[in-house]
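Please keep the sequence and the model at hand while reading.

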Amino acid sequence: MERLYFIAVAVLALWVGVWGYFIPAEVTKALPFEVPPLHARFLGAVYLSGFAIPSLSIVSNRWTNIRDVPVMTAIWTGGLGLISLLHLEAFPSARAQPWVWFGAYLVYPLIALWLAWRHRGDQADPSGTVLPPWAKGSLLAQGVVFVILSGMLLLLPGVMVGQWPWPITRMLAQIYSAPLLAYGVGSLLLARRRSWQEILVPVVGMLVFAVLVLVASAIHRSLFSSSEAVDVIWFAVVAAISASLAVLGARALAARRSVAPSR
């Protein structure tokens, strides 16, 4: 059941991610609404991250190493579903994409919550390599940044439209808040975990997002200005998060390789 669910999530995420990131001019083949190229690539990065996380979850050898994935998925998909209800005018019912969008974001969070509840008592592998304080601190700081940013996008979209590094609408500001909240809550949960093995999958998934967003921003650098503080901060923060996640991912992968897989 768990693997089938992760496969379903990964397939949809890959479909949207490929169109959004690599073919942004035709993103409406996957998304139910039109967005400019940089927005398409930002959403593509989100969905390619959403492909990486369940794909890696499929091959995980212990549930406790991916215990935070269903929580992140529920926040992400459930949040998108609820936010979309606030902007129904942007979803033309004559097309198939809106029906897929709302269907997925109704079913996916419910299954994710059920999986989280079903495995709530699973015990982590005591042989896992212990997560050091600096790693927990990095995840905690990252979680706080993502949660605050998400809250501002969701609750103060009018303010964020004026402060975002590139042109954005109120609807997109709120849509962005859902995956960012998932990353934030996920990071806070990961900061509480005991071992490197328990953070590997979500960290790699978030790394995919951060690196692809950094690359997309560089591709569309004409939309940014080095004289604008918010633009400079954007590149600095995304680069810092990418570097931090790369270090965490590399250490977690090395720790995983050093421990024999459990049977």
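## A charge over a ring

A charge is said to sit over a ring if NZ of Lys or CZ of Arg is within 6 Å of the ring centre and within 35 degrees of the ring normal. Arg120 meets this definition: its charged end sits over the ring of Trp117, 3.8 Å from the centre.

## Basis of the values

The model is predicted, and local features need pLDDT of at least 70, side-chain atom pairs count only at pLDDT 80 or more, and totals for chains, interfaces and linings use all residues. Residues are numbered from 1 along each chain as its sequence is written, and side-chain values use heavy atoms, with hydrogens and water left out.

## Helix α9

Helices are DSSP runs (H or I, at least four residues), numbered from the N terminus.

Buried residues (under 20% relative accessible area, 1.4 Å probe, protein chains only) of α9 include Asp231, Trp234, Ile241 and Leu248. Among the elements covering the buried residues of α9 are α2 (37-58), α5 (133-155) and α8 (200-219).

## Tyr21

Tyr21 lies in helix α1 (residues 2-22) and is buried, with a relative accessible area of 5%. Beyond its neighbours within four places in sequence, Tyr21 has contacts (heavy atoms within 4.5 Å) that include Ala40, Leu48, Leu212 and Val215. A polar atom of the Tyr21 side chain lies 2.6 Å from the backbone oxygen of Leu212.

## Nonpolar core

A nonpolar core is a set of buried Ala, Val, Leu, Ile, Met, Phe, Trp, Tyr and Cys residues joined through side-chain atoms within 4.5 Å. The largest one has 76 residues, and Phe33, Tyr176 and Phe209 have the most contacts inside it. Helix α7 gives the most to this core, with 10 residues.

## Aromatic pairs

Rings of Phe, Tyr and Trp (its six-membered ring) pair if their centres lie within 6.5 Å; planes under 30 degrees apart count as stacked, over 60 as edge-to-face and the rest as tilted. The whole structure holds 24 aromatic pairs. Phe6 and Trp63 are stacked, at 6.2 Å centre to centre and 25° between the planes. This pair joins helix α1 to the loop between α2 and α3, 57 residues apart.

Tyr183 and Phe209 form a tilted pair, at 4.7 Å and 35°. Tyr183 is in helix α7 and Phe209 in helix α8, and both residues are buried.

Conventions. Buried < 20%, exposed > 50% of the residue type's maximum accessible area, 1.4 Å probe, protein only. Helix = DSSP H or I, 4+ residues; strand = E, 2+ residues; numbered from the N terminus. Polar contact = N/O pair within 3.5 Å; in protein donor to acceptor, adjacent residues only side chain to side chain.
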